[in-house]
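Dear colleague,

I am writing to hand over a structure that may be new to you.

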Amino acid sequence: MNELMDQAGKDVRPKLEFLALAEELYYYILSFLPWQDILRCTSVCKALRQTYISSSELQYIVELGGQRLLTVPIADPGNHTSVSQRLQLLRNNAHAWLQFNLHAHSLQAFSIQEQFYELGTSLADGHLYLWTRYNETEDSRNWAKIVPILPKPSQQTIERSWSPGSLCSVPNAYIADVYMDPAQNLIAVAYAVHNDTLQEGRFYVELRALDGDDIHPQAAGQTLFLSVLTAQDRHDWFTITEVLKLKGLGRHLALQNTPVFDDPVSTTSRVIWWLQIWDWQHSTTSNSNLSDTMSHCQLSLDFCFVGNDRFLMVSDDLKLYLIEDMSREPQLLACYLFPFPLANMQCHLPTDDIAHGSQMQMQAQQTMWTSDPEHRLLCYATFRPRLVFVISTQIFFNLHSERVGEQAVTVPWQNWGPTNSRVFQDSWKVCVSGNRVLQAFPTGTRSKYRLHMMDFSPLAVERRQGLGQVVKEPSATEIHMLGKTLITSLPYVEVVSDRVFDAVELLGMWVDRDRLYLAKMMDSPEDDPGDLIMDQLKVFEMSIIDRS
């Protein structure tokens, strides 16, 4: 023992220092760290900095984290893309929208005769979905279409049309809403059998494969059944319209009914709203439902999934629920308050680039990353007052694990809003894709607008390259009608188009990864100036590389 001590009694045994390790061990240890910690370590040590510079793997981890992305396993055994190639693709992806060239575009034509306002539309995974809402005219009722938009040669696509009456296997069904997910080859149709069942609130959801008429191969059955009480009381002094929304994410589907009062007379009458969630791959029934009553003066309702195990009910506050167990009601985790009452809201959350885990069938073969559901953007648009709240979804995953299972917490606006959001006024249109938001703002000239692209990913703010202005300072939004001021500070990079658009050019606007789509309208042959028909789709390619 004495030989390990010096004359002063100090331990003189040799110490194995971190920097004495082999360089490949530096990489191995650093690769287990979060991307922020990798940057911190490599900024204070020259040896670690050199390891980082020479390692495509470490740089790839940092790029993924900084852009709020997750890796997706590549199912194609013939895909031998190296890490260095993926890193370059990822960096190009980060810089693609900084070009923001809105003068050059491609066109894709459509043979659609219905008025644009009568169509349900959505665009994701490089496909445009269209369907007609219920129409009393038999020859134009309930058709639908899914069309790939200028696909790359290597892209897997689905192109299909459903003629009137063929969307649902039940004859003469009333179609309430349609949801399509090409990444899972899924079409879900919410319907009622006939008007009697519609009045009684008996709705169903049929599941089929997009590329055929068979039941979806991963579905627990052909039809999903409601367990929630849906029947409305009959009222002599007012009528209601049933407005249904069908949304999905991965293995979950949800159907919500929000009644709309038609010319109400009574201010005290109340009707039922309800929502039911299914794990459609495991059961056709579910007890995961919510319902309550609402009056005609209450605010509208919306909802959205924010991850594989939670969703938000959106009204004048944000209620976060856990949905792990389909045998019970969703568990309320937290209620996030807004600073004042809001009305006529709409929730925008991208579903085009969410990882579906092992269920991704089509995109996984060609896509190497996807957005992280814990680090994405929710856009909450209201019309009284006219505001857009851009909210980081990270706030909905920051609940302490020990609080889950206890009583739900109420979070005041000042505790979550100022640092986790950015508020914008007078936005006319808004689209979301990953950590990017596209908004149309008025120019000051009547019916003229400019497009503003905003990138909220941390690396975009830290490493701005090319065009764009970094906005880190808090912004003050004056709400004159309420006499209030909102201070918000979520950082972003903003690029503004030099091109000015007419309002009609932006009626149909979508964003999907590195593309912007604008519907080109033409007048209806019936010469009604208010009836517009979409005959072409303008495609603006923002990518700076060939992704074929």
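The model is a predicted one: local features need pLDDT of at least 70 and side-chain atom pairs count only at pLDDT 80 or more, whereas totals for chains, interfaces and linings use all residues. Residues are numbered from 1 along each chain as its sequence is written, and side-chain values use heavy atoms, with hydrogens and water left out.

The protein contains 8 helices and 35 strands; these are DSSP runs numbered from the N terminus, with helices being H or I of at least four residues and strands E of at least two. Of its 548 residues, 53% are buried, where buried means under 20% relative accessible area, exposed over 50% and partly exposed in between (1.4 Å probe, protein chains only). Among contacts (heavy atoms within 4.5 Å) with a separation of 6 or more, 61% come from residues 24 or more positions apart.

Helix 2 (residues 35-44) packs against helix 4 (residues 56-66) at an angle of about 125°, and their axes are 8 Å apart. Axes here are lines fitted to C-alpha atoms, for helices over the stretch in contact, and angles run from 0 to 180 degrees between N-to-C directions. Helix 2 is therefore oblique to helix 4; angles under 35 degrees count as roughly parallel, over 145 as roughly antiparallel, 65 to 115 as roughly perpendicular and the rest as oblique. W35, I38 and L39 of helix 2 meet L58, I61, V62, G65 and G66 of helix 4.

Helix 2 also packs against helix 3 (residues 46-53), at about 125° and with axes 5 Å apart. On the helix 2 side the contact involves I38, L39, C41, T42 and V44, and on the helix 3 side K46, L48, R49 and Y52.

There are 20 aromatic pairs, counted when rings of Phe, Tyr and Trp (its six-membered ring) have centres within 6.5 Å; planes under 30 degrees apart count as stacked, over 60 as edge-to-face and the rest as tilted. F305 and F311 form a tilted pair, because their ring centres are 6.4 Å apart and their planes lie at 50°. Both F305 and F311 are buried. A cluster linked by ring pairs consists of Y336, F338, Y380, F389, F396, W413 and W416.

Finally, S392 lies in strand 22 (residues 386-392). S392 counts as buried, at 11% relative accessibility. Leaving aside residues up to four places away in sequence, S392 touches R376, L377, N420 and L490.

With kind regards
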